[in-house]
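Subject: Structure handover

Hello,

Here is the structure for you to take over. Please load it first, then read my notes below.

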Amino acid sequence: MSDSLPSGPPSDPKPASATATNSPDEATTTTSSTTTTTSTPEGPTPPPVQIPLSWPADSSLTLDWIQNLISAFDWSSKNLSPSELPLVLPVPVFDTLVLTASKILHKEPNCVRIDDCNDNSRIVVVGDVHGQLHDVIFLLQDAGFPCEDRFFVFNGDYVDRGAWGLETFLLLLAWKVFLPQRVYLLRGNHESKYCTSVYGFEKEVLAKYGDKGKHVYRKCLGCFEGLPLASIIAGHVYTAHGGLFRSVSITPLKRSKGKKNRRITLNSETKPLCLGSLEELSKARRSVLDPPWEGLNLIPGDVLWSDPTMKSGLSPNTERGIGLLWGPDCTEDFLKKFQLKLIIRSHEGPDAREKRPGLGGMDVGYTIDHVVPSGKLITLFSAPDYPQFQATEDRFNNKGAYIVLKPPHFDVPEFHTFEAITPRPAVNAYYDYEDVIDSDEELDLASMVTAT
């Protein structure tokens with residue numbers, strides 16, 4: 001792990017044209033980028049860096065090492081078969097990277113606080129990326145690589161559906177190891193055993209690492225368990241994958257009389273739903289393969305799976321089978337109670353929003369869902385032309401977006417939209433995208449591992 005921080009912009013970021021737009025009550029800036037890649041010539045091209053990659057002898061990652069990783073992953077996606085990925089990143093290097101990152105992640109609190117920002121700082125917030133490696137590479141170049149004055153907060157869903165979930169996740173882990181106080185990786189609902197077994201990541205890993213695939217997959221699952229659930233930026237902005245969460249109060253019953261029976265029984269009676277506190281969030285047990293949908297440890301599932309609605313109140317998210325639905329009144333209560341100005345969540349792409357009457361579509365990578373006296377609720381989605389594999393010729397053709405927060409208060413969102421990198425390298429899907437249930441439909445709860 002390196003203690004030194006690079007400064008300044010990355011080399012040769014791709015240009016973007018900017019236009020000004022207005023949100024309902026304040027000016028924000030939107031930049032839009034259109035980018036294509038050069039078609040791969042006939043036959044394989046030589047790798048741009050020496051492969052296989054090796055772990056640095058002093059165990060300190062550098063910006064050059066990460067740029068080599070980007071180049072190697074980009075090249076291999078276009079010139080090698082998936083099963084040849086170990087020729088680029090051998091298992092021992094994978095093991096060291098994941099172990100080093102896991103140690104950092106597991107030490108972080110459930111809700112990381114990002115307060116080390118100043119008048120020169122910029123905070124980049126990123127939504128779902130779903131294994132779309134080339135779009136992630138472009139986003140990093142377009143926003144500027146993480147550095148001393150540029151923080152990144154990723155809202156989860158690094159894997160599944162897209163064909164390069166493993167490379168995407170490992171690239172972001174490398175950034176985390178290199179700049180642990182500038183790059184923050186939050187957990188998404190797809191960073192779970194259940195989702196990765198349904199939406200492709202498990203099969204992707206097995207295809208790429210063969211007889212070592214189960215080992216690699218288990219290590220990734222262990223790393224998923226260490227990902228924090230939420231962040232608070234500069235005391236003004238709350239970010240999480242799904243969003244808000246319930247209060248889970250535990251009421252002890254009367255202590256049984258007698259010396260031989262002094263165990264306290266917990267009262268699990270159902271109580272009316274109400275919003276949880278940041279203190280309750282800090283005490284939730286996030287180290288579970290699949291966040292529970294029943295029992296006492298419900299906050300992780302709420303944070304990862306919940307959705308906003310235009311209907312007032314707090315109610316079970318019956319459409320998903322886990323998490324909550326919360327209305328504008330709940331957004332106002334949460335912002336006001338914790339003196340926040342902005343909630344940035346992700347979790348819903350164009351396919352999900354197509355089925356959510358009353359809420360905006362995800363055509364440009366973001367929506368402003370609630371505007372209340374204390375601030376706003378934004379949904380941010382960073383995977384353009386999503387999902388990568390679609391069963392019909394009529395694609396959503398959505399743009400992706402990221403948000404930049406600037407001083408003095410870091411609470412006015414600057415939206416940057418971008419289109420997908422095209423053409424994508426030819427590759428087969430790792431899940432049955434024609435028949436698999438949509439992420440918005442009720443979960444197969446019986447197949448999920450409950451760990452309460």
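Predicted model: local features only at pLDDT ≥ 70, side-chain atom pairs only at ≥ 80, totals over all residues.

Valine 237 has leucine 342 of β14 as its bridge partner.

Which way do the side chains of β14 point? Leu342 and Ile344 point one way from the strand, which covers residues 342–345. Ile343 and Arg345 point the other way. All of these residues are buried. In a regular strand, side chains alternate between the two faces of the sheet.

Next, the three-stranded sheet. 3 strands form an open sheet with mixed pairing, in the order β11-β13-β12. β11 (307–308) and β12 (314–316) are the edge strands. Each has a single partner strand, so one side of each has no neighbour in the sheet. β11 pairs with β13 (residues 324–326) in the parallel sense, over 2 bridges. Proline 308 has tryptophan 326 in β13 as its bridge partner.

Pro308 turns up again in the contacts of leucine 359. Leucine 359 sits in the loop between α11 (350–353) and β15 (366–372). Its relative accessibility is 11%, so it counts as buried. Leaving aside neighbours within four places in sequence, leucine 359 is in contact with Pro308, Met310, Arg353 and Asp369. The C-alpha atoms of leucine 359 and aspartate 369 are 6.5 Å apart, with the two residues 10 apart along the chain.

Now the helices. α4 has 14 residues. From first C-alpha to last it reaches 20 Å, close to the 20 Å expected at 1.5 Å a residue. Is α4 enclosed or open? 14 of its 14 residues are buried, so α4 is largely enclosed by the rest of the structure.

In α6 (residues 201–209), the buried residues are Phe201, Glu204, Val205, Lys208 and Tyr209. Seen down the helix axis, the buried residues of α6 fall within an arc of 105°, so they line one face. What do they pack against? The partners are α2 (91–107), α4 (165–178), α5 (193–198) and α7 (213–226). Glycine 210 follows α6, and its phi is positive, near 50°.

On to the nonpolar cores. The largest one holds 103 residues. Leu166, Leu173, Tyr238, Leu281 and Phe334 touch the most other members. α4 supplies the largest share of this core, 10 residues. Apart from it lies another core, of 21 residues, including Val153, Tyr184, Ile344 and Leu405.

Leaving aside neighbours within four places in sequence, leucine 281 is in contact with Asn110, Cys111, Leu229, Ala230, Tyr238, Phe245, Ile299 and Val303.

Serine 382 lies between β16 (375–380) and β17 (400–405). Serine 382 is buried, with a relative accessible area of 2%. A polar atom of its side chain lies 2.7 Å from the backbone nitrogen of glycine 127. Not counting residues up to four places away in sequence, serine 382 touches Val126, Gly127, Asp128, Val129, Leu139, Gly400, Ala401 and Phe418.

Valine 412 lies in the loop between β17 and β18 (414–418). How accessible is valine 412? Its relative accessibility is 38%, so it counts as partly exposed.

Last, the totals. The protein chain has 11 helices and 18 strands. Of its 452 residues, 56% count as buried. Among contacts in the chain with a separation of 6 or more, 75% are between residues 24 or more positions apart.

Over to you.

Best wishes

Terms used: Residues numbered from 1 in each chain as written. Heavy atoms only, no water. Buried < 20%, exposed > 50% of the residue type's maximum accessible area, 1.4 Å probe, protein only. Helix = DSSP H or I, 4+ residues; strand = E, 2+ residues; numbered from the N terminus. Arc of directions from axis to C-beta. Contact = heavy atoms within 4.5 Å. Polar contact = N/O pair within 3.5 Å; in protein donor to acceptor, adjacent residues only side chain to side chain. Expected span 1.5 Å × (residues − 1). Pairing = 2+ DSSP bridges. Core = buried A, V, L, I, M, F, W, Y, C linked by side-chain atoms within 4.5 Å.
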